[in-house]
Amino acid sequence: MRSCNRKKGKGVNCPYSMVVGWGEGWIMDKLCRLHRKMEAKAIDALIVTGSENRRYLSGFTGSAGTLVITETAASLLTDFRYVEQAALEAPDFEIKRYDEPVAAIREALLENKCRRVGFEGDLVTYEQYAKWQKAIEQVEWVAVSGLVEELRMIKEPEEIAEIEKAAAIADAAWSELLPKMVPGASERELALELEFLMRRKGANGLAFDIILAAGPNAALPHAKPGDRLLSRGDLVVMDFGARQGGYCSDMTRTVVIGKACQQTRNLYDIVLKAQLAALDAVAPGKTGQEVDAVARQIITEAGYGEQFGHGLGHGVGLAVHEEPRLSPKGDKVLQPGMVVTVEPGIYVPGFGGVRIEDLVLVTEDGHRVLTHSSKELLELGADQV
Ligand code: ZN
Ligand code: ZN
């Protein structure tokens with residue numbers, strides 16, 4: 001039986017591992033690590049309702065369910081629709097069917113004699129909290145946040161494999177989209193085509209709504225694809241990702257329609273230089289802030305500091321935006337197993353924008369880039385009449 005690292009020094013098994021019928025392995029490790037975090041917050045139970053946290057801890061992919069994790073028990077409470085699925089997907093959890101969720105949570109907490117109960121302070125609504133507090137007044141409710149999210153920052157090999165698959169789907173879809181990017185094609189049609197391509201290549205869905213913005217629209221970092229038709233000289237920013245096995249990918253490429261003018265080339269070269277330098281700086285021990293500063297310095301020295309108004313990157317996993325952040329405020333230290341984006345950009349109102357984004361895995365000795373599409377400035381449809 002696997003012992004919890006927390007107790008190793010004392011030679012005592014983690015209470016989790018003593019629960020009869022529990023398996024070993026990844027889920028078990030995660031629960032042990034979570035247990036240590038719960039102890040640090042002095043809570044003896046944690047209620048998990050956030051869908052990504054719930055999936056991460058239990059394996060359950062359904063849309064309704066609550067995890068109740070205590071020192072010696074882990075229950076997944078769900079309704080009639082999901083009982084069978086939950087039993088298959090979350091074998092390490094005790095599955096309990098409910099008709100009324102609050103009553104089921106109450107029972108699980110009182111059964112385990114819980115006193116201080118943590119809940120996801122940044123995800124639970126005030127109304128939900130008030131309901132729990134009213135119905136289960138025997139316990140003290142404590143808003144905690146980031147407990148599971150901190151565990152999620154470090155990816156296991158199984159998770160990295162899913163992210164790599166999602167990244168490969170996006171890479172392959174993008175290269176097939178390129179021949180369709182000609183003057184006269186619409187942003188909306190191209191975005192739809194990109195979605196088709198990713199789904200045909202096996203994506204379970206999109207990691208997020210595709211950004212495909214041409215010409216002046218490319219100056220809006222989060223533009224929605226609209227009716228604009230691509231025309232010569234347009235910069236086109238495409239930011240997209242696939243979802244695979246629950247995990248996201250995220251990449252951005254910028255191309256030019258027809259021939260690039262000098263300003264376009266100049267902007268592109270600055271962003272690419274900043275992106276390559278920041279990628280190079282990704283290594284364990286660096287903070288998000290330090291990596292951000294590498295790109296920001298290059299862009300600022302080129303005179304475009306004000307036009308790079310967002311952070312350099314973010315963690316990617318079950319959610320497309322998660323910890324750690326690579327930004328001027330990113331104080332988390334990079335560790336092996338983290339997957340982050342590096343995506344500097346310059347946005348010039350009325351003209352357009354350039355952003356280049358890769359996914360990168362932090363490794364023991366540096367990093368490994370997971371996005372493989374070319375970053376040369378492509379001039380598309382230049383030979384078309
Ligand atoms: Zn992106
Ligand atoms: Zn991103």
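Let's begin with a charged pair: the side chains of Lys155 and Glu322 form a salt bridge, with N and O 2.6 Å apart. This pair connects distant parts of the chain, since its two residues are 167 residues apart. Please keep in mind that the model is predicted.

**The Lys155 and Glu322 pair**

- Lys155 sits in the loop between α7 (147–153) and α8 (157–177), while Glu322 belongs to strand β14 (residues 322–326).
- Lys155 has a relative accessibility of 5%, so this residue counts as buried.
- Glu322 is buried too, with a relative accessible area of 7%.
- The pair is part of a network of salt bridges that links Arg152, Lys155 and Glu322.

**Other salt bridges**

- The count of salt bridges comes to 22.
- Lys96 and Glu111 are one such pair, and their closest N and O atoms are 3.1 Å apart.
- Because Lys96 lies in strand β4 (residues 94–97) and Glu111 in helix α5 (residues 101–111), this pair ties together parts that are 15 residues apart in sequence.
- Lys96 is buried at a relative accessible area of 17%, whereas Glu111 is partly exposed at 46%.
- Glu323 and Lys332 also meet through their side chains in a salt bridge, at 3.5 Å from N to O.
- Glu323 counts as partly exposed at 29% relative accessibility, and Lys332 is partly exposed with a relative accessible area of 29%.

- As a reference point, the ideal angle for four tetrahedral donors at a metal is 109.5 degrees.
- Asp250 is found in the loop between β11 (247–248) and β12 (251–257), and Glu357 in the loop between β17 (352–355) and β18 (358–363); the pair links distant parts of the chain, 107 residues apart.
- Asp250 and Glu357 are both buried.

**Backbone details**

- In general, most residues other than glycine have a negative phi, and most peptide bonds are trans.
- Glu323 and Pro324 are joined by a cis peptide bond, with omega about 0°.
- Pro324 has its place in strand β14.
- Ala42, a residue other than glycine, has a positive phi near 55°.
- Ala42 lies in the loop between α2 (26–40) and β1 (45–48), and this residue is partly exposed, with a relative accessible area of 45%.
- Lys113 is not a glycine either, yet its phi is positive at about 55°.
- You will find Lys113 in the loop between α5 and β5 (116–120), where this residue counts as exposed at 66% relative accessibility.

Notes:
Residues numbered from 1 in each chain as written. Chains lettered and ligands numbered in written order. Predicted model: local features only at pLDDT ≥ 70, side-chain atom pairs only at ≥ 80, totals over all residues. Heavy atoms only, no water. Helix = DSSP H or I, 4+ residues; strand = E, 2+ residues; numbered from the N terminus. Buried < 20%, exposed > 50% of the residue type's maximum accessible area, 1.4 Å probe, protein only. Salt bridge = Lys/Arg side-chain N within 4 Å of Asp/Glu carboxyl O.
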